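Colleague: Please show me the model. I am new to it and will ask about it piece by piece.

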Amino acid sequence: MGVVNVTPDSFSDGGRFLDSDAAIAHALQLIADGADILDIGGESTRPHAEPVGEADEIARVVPVIEAVRRASPIAISADTMKPAVARAAVAAGATIWNDVTALGFAPDSLTEAAAIGCEVVLMHMQGDPGTMQDDPRYDDVVGEVRAFLLDRAEAAVAAGVRRQDILLDPGIGFGKTLRHNLELLRNLDRIAGLGFPIVLGVSRKRFIQAIDPAGVEVAERVAGSLAAALWGASHGAAILRVHDVRETVQALKVWEAIEGG
Ligand code: HH2
């Protein structure tokens with residue numbers, strides 16, 4: 001899953017693709033690089049990011065989704081917390097609603113997801129983007145994230161979302177310290193054991209810098225991102241949400257060739 005951020009302030013590539021044409025060109029490049037899914041978002045979830053109004057978010061993502069849909073049959077997910085944005089994205093050609101709030105942001109998110117009838121990625125986050133990294137705490141991070149995701153999956157099914165349309169994501173970096181992130185990655189198979197496909201987003205995240213202080217600039221976190229991506233792929237992740245598609249595809253190909261032999 002290649003990331004297309006149509007935002008001025010994303011932590012990894014903020015501002016580079018705010019212009020629709022630049023975002024479309026980037027999306028097409030990610031397809032050429034080997035992405036199977038594009039995750040298109042118009043609001044940053046970085047700590048202390050500026051919230052974006054619904055109309056602005058739609059205006060950012062819909063032209064990009066429409067252009068990608070015209071150019072390619074690739075699967076498209078919309079990275080948004082807002083039901084109206086998800087609805088507009090699906091009308092424009094997306095088939096997946098990727099929600100970092102696990103359909104918890106708006107009171108009608110669950111019922112809207114069922115009504116839209118798309119696939120949904122339910123991600124775990126402790127707190128909200130404004131404060132999530134201030135002092136995250138858990139008694140048992142893996143158990144709590146697992147229980148949360150199961151609870152949200154059951155709530156989605158109860159609201160009318162089809163079980164086969166649900167994907168889960170432990171939300172690396174969302175209200176988690178380095179230790180929490182590492183425990184989740186180490187125990188990813190326990191979350192995969194819930195029986196839903198797992199989406200994993202480790203790409204260019206800050207925990208890589210916490211391990212290797214040389215990774216101050218996001219562009220210097222690619223090797224660490226690949227290491228974490230391969231770990232995830234070998235421990236139950238079905239979908240890797242990444243910025244560096246070409247590098248990740250090559251890493252996966254080499255790993256799979258060795259494993260297959
Ligand atoms: N991470 C980010 C955004 N959306 N969605 C899922 N399912 N999983 C993730 O780990 C995830 C996500 C943060 O990364 P990025 O899009 O690069 O930054 P920003 O939120 O600042 O746009």
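**Helices, cores and loops**

Colleague: Which residues of helix H6 (residues 178–186) are buried?

Modeller: Helices (H or I, at least four residues) and strands (E, at least two) are DSSP runs, numbered from the N terminus. Buried means under 20% relative accessible area, exposed over 50%, and partly exposed in between (1.4 Å probe, protein chains only). In helix H6, the buried residues are His180, Asn181, Leu184 and Leu185.

Colleague: Within what arc do the buried residues of H6 fall, seen down its axis?

Modeller: The arc is that of the directions from the helix axis to the C-beta atoms. The buried residues line one face of H6, because they fall within an arc of 130°.

Colleague: What kind of model is this?

Modeller: Residues are numbered from 1 along each chain as its sequence is written, and side-chain values use heavy atoms, with hydrogens and water left out. Local features need pLDDT of at least 70, side-chain atom pairs count only at pLDDT 80 or more, and totals for chains, interfaces and linings use all residues, since the model is predicted.

Colleague: Which exposed residues does H6 carry on the face turned away from its buried side?

Modeller: The buried side of H6 packs against helices H5 (141–159), H7 (188–192), H8 (206–211) and H9 (222–233), and against strand E7 (198–200). Contact here means heavy atoms within 4.5 Å. The face of H6 turned away from that side carries the exposed residues Arg179 and Arg186.

Colleague: At roughly what angle do helix H2 (residues 54–71) and helix H3 (residues 83–92) cross?

Modeller: Axes are lines fitted to C-alpha atoms, for helices over the stretch in contact, and angles run from 0 to 180 degrees between N-to-C directions. The axes of H2 and H3 come within 9 Å and cross at roughly 20°.

Colleague: How are H2 and H3 described at that angle: roughly parallel or roughly antiparallel?

Modeller: Angles under 35 degrees count as roughly parallel, over 145 as roughly antiparallel, 65 to 115 as roughly perpendicular and the rest as oblique. The crossing angle therefore makes H2 and H3 roughly parallel.

Colleague: Which residues of H3 make the contact with H2?

Modeller: On the H2 side, the contact is made by Glu54, Glu57, Ile58, Val61, Val62, Ile65, Glu66 and Arg69. On the H3 side, it is made by Ala84, Val85, Ala88, Ala89 and Ala92.

Colleague: Around what arc do the buried residues of helix H4 (residues 109–116) lie?

Modeller: The buried residues of H4 are Ser109, Leu110, Glu112, Ala113 and Ile116. They are on the same side of H4, because they cover an arc of only 165°.

Colleague: Which residues have the most contacts inside the largest nonpolar core?

Modeller: A nonpolar core is a set of buried Ala, Val, Leu, Ile, Met, Phe, Trp, Tyr and Cys residues joined through side-chain atoms within 4.5 Å. The largest has 62 residues. Those with the most contacts inside it are Val4, Leu38, Ile40, Val120, Leu122, Ile166 and Leu168.

Colleague: How far apart are the C-alpha atoms of methionine 125 and glycine 175?

Modeller: Methionine 125 is found in the loop between E5 and H5, and counts as buried at 12% relative accessibility. Among the residues it touches are Phe174 and Lys176. Methionine 125 and glycine 175 are 50 residues apart along the chain, and their C-alpha atoms are separated by 5.8 Å.

Colleague: What phi does alanine 102 have?

Modeller: Most residues other than glycine have a negative phi. Alanine 102 lies in the loop between E4 and H4, and counts as buried at 0% relative accessibility. Although alanine 102 is not a glycine, its phi is positive, at about 50°.

Terms used: Lists of a residue's contacts leave out its neighbours within four places in sequence.
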